[in-house]
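Trainee: I am new to this structure and would like to go through it with you. Please put the model up, and I shall ask as we go.

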Amino acid sequence: MSASRPPSQSPLVYAYLGWMGYNFGLTSPIVGFVVGRLRGLGLEGAPLAVAALGLLHAMDLLVVAGLAAWLLRRYAIPFSSLNLRASPSLLLLAAGAAAVDLGQRSFLVPLTETAFGFAPSAVEPASTTYLAARAAGLLIVAPLAEELLFRGVIYRVSRLYFSAAVAVLMSGFLFGRSHLLTIHSFGAIAASGVIMAWSYEKSGTLLVPIVIHVLINASVLAEQAWPQTGSFLRSPLIASGLLLAGLAACRTALGSWRDFGVSWSSPRGEGATASRADWLTWGALAMALAALVWWARRLLDAWLGSAFG
C-alpha cells in the first residue's frame, strides 16, 4: 500500500460480521429449502446428503471468494502477495504445529466436555459416499476458504493496525467465535486459530496454516470413518506425545526456542500506523474476548463445583 495510513478498519469488521451472518443465519434456511425440494423429487439417503454437502461447499466458496476479493481490493493487497511457497522446513513447521494443535484439542475438549456436562453422542461409521463428500469439504473447501479469509485477509489486514501478538490472539478469538457450534468447543477451536495465525506469522506463507488445517480436519474425518480413532487420540499418553513431538518439530523448523515468540510492538513503516483502531474494530475484538471470558468463567465454575460441591 502506498498510503502512509491504512483505510478504516470498518470493511474488515463488516466482512467478519457478514461471514458470521452467512454461517449462522443463511446456510441452514437455504440448504433446508433445497433439501426439501430434492426430497420432493424422490432423493433420499446418501445421495441427498451428498447433494446438500455439495451445495454447502459451493456456497462457502462463493461467499469467501466474494468477501476476500472485496477486502483485498479495499486494502489494495495483491492476491499474489498471499504467498504459497513451500520448503522442507516450512512443511516441518506445519506438521509440528498440527501435532501441537491436535494435542491441545485432545486434552482440552474432553476436559471441557466433563466440566460442562456435555455427553458426546456415539460416532457411527459413515458410508463411503458420505465420507467422500465430507472429505471434499474438510480437506479442500474448508482449509482453502477459511485460511484465505481468516489468515490471508483478516489477519493480514489486522497486522496493519495491531502488533503481531495482538493480531494472532484476535485471529484466534474470531476463528473460535465463528465456529461456536457447542460452547465446550470454543476454547479448543480458538486455540487452533491462534496456532494457525502464529504459523502464518512465522512462515510468511499461507500454505503452512492450510496444511495444518488439512491435517486437523483429516483427524476429524478419520474419527467419522473409524470411531475408535477419537478414543485413541484422546488418550493422555498420545496427547502428550503429540504436544512434545510437535513442539520439537517446530523448534527444529524455526532454529531455536527464542524464535517461537511474536512481537508486541505496534506496526511501523509504510502502509502501517500505530494510531488507535476505530471503534468498530475494538467492538468486534471486545465481543470475541467477552465470549472467551464467559467460556472460561463457565469452565472454572464447573470445575470448582465438581471439586467442592
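Trainee: Is Glu147 buried or exposed?
Mentor: Glu147 is buried, because its relative accessible area is 0%. Buried means under 20% relative accessible area, exposed over 50% and partly exposed in between, with a 1.4 Å probe and protein chains only.

Trainee: What should I know about the model itself?
Mentor: This is a predicted model, in which local features need pLDDT of at least 70, side-chain atom pairs count only at pLDDT 80 or more, and totals for chains, interfaces and linings use all residues. Residues are numbered from 1 along each chain as its sequence is written, and side-chain values use heavy atoms, with hydrogens and water left out.

Trainee: Back to Glu147, then. Which side chain meets Glu147 in a salt bridge?
Mentor: That of Arg151, at 2.8 Å from N to O. A salt bridge here is a side-chain nitrogen of Lys or Arg within 4 Å of a carboxyl oxygen of Asp or Glu. Both residues belong to helix α4, 4 residues apart, which is about one turn of the helix. Helices (H or I, at least four residues) and strands (E, at least two) are DSSP runs, numbered from the N terminus.

Trainee: And Arg151, buried or exposed?
Mentor: Arg151 is buried, with a relative accessible area of 0%. Its charged end also sits over the ring of Phe175, 4.6 Å from the ring centre. To count as sitting over a ring, NZ of Lys or CZ of Arg must be within 6 Å of the ring centre and within 35 degrees of the ring normal.

Trainee: How many salt bridges does a search of the whole structure find?
Mentor: The search finds 4. One of them joins Glu201 and Arg159, at 3.2 Å from N to O. This pair links distant parts of the chain, with Glu201 in helix α6 (residues 186–203) and Arg159 in the loop between α4 and α5 (164–178), 42 residues apart. Glu201 counts as partly exposed at 27% relative accessibility, and Arg159 is partly exposed at 25%. Glu44 forms another with Arg39, the closest N and O atoms being 3.8 Å apart.

Trainee: What about Arg134, which has no salt bridge?
Mentor: Arg134 is in helix α4 (residues 128–158). The residue is buried, and the nearest side chain of opposite charge, Asp60, is 8.8 Å away. For charge, Lys and Arg count as positive and Asp and Glu as negative, while His and the chain ends are not counted. Beyond four places in sequence, Arg134 is in contact with Leu53, Leu221 and Gln224; contact means heavy atoms within 4.5 Å.

Trainee: A change of topic: how many aromatic pairs are found?
Mentor: A search of the whole structure finds 6. In one of them, the ring centres of Tyr16 and Phe150 are 6.5 Å apart and the planes stand at 80 degrees, so the pair is edge-to-face. Tyr16 lies in helix α1 (residues 10–40) and Phe150 in helix α4, 134 residues apart, and the pair thus links distant parts of the chain. Rings of Phe, Tyr and Trp (its six-membered ring) pair if their centres lie within 6.5 Å; planes under 30 degrees apart count as stacked, over 60 as edge-to-face and the rest as tilted.

Trainee: Which residues form one aromatic cluster?
Mentor: Tyr16, Phe150 and Phe175 do. Tyr16 and Phe150 are both buried.

Trainee: How many residues has the largest nonpolar core?
Mentor: That core has 60 residues, and those with the most contacts inside it are Tyr75, Phe150, Val157, Trp198 and Ile212. Elements giving two or more residues to this core are α1, α2, α3, α4, α5, α6, α7 (207–225) and α9 (236–254). Apart from it lies another core, of 5 residues, including Leu131 and Ala225. A nonpolar core is a set of buried Ala, Val, Leu, Ile, Met, Phe, Trp, Tyr and Cys residues joined through side-chain atoms within 4.5 Å.

Trainee: Finally, where does Leu82 lie?
Mentor: Leu82 is in the loop between α2 (45–74) and α3 (88–115). At 3% relative accessibility, Leu82 counts as buried.
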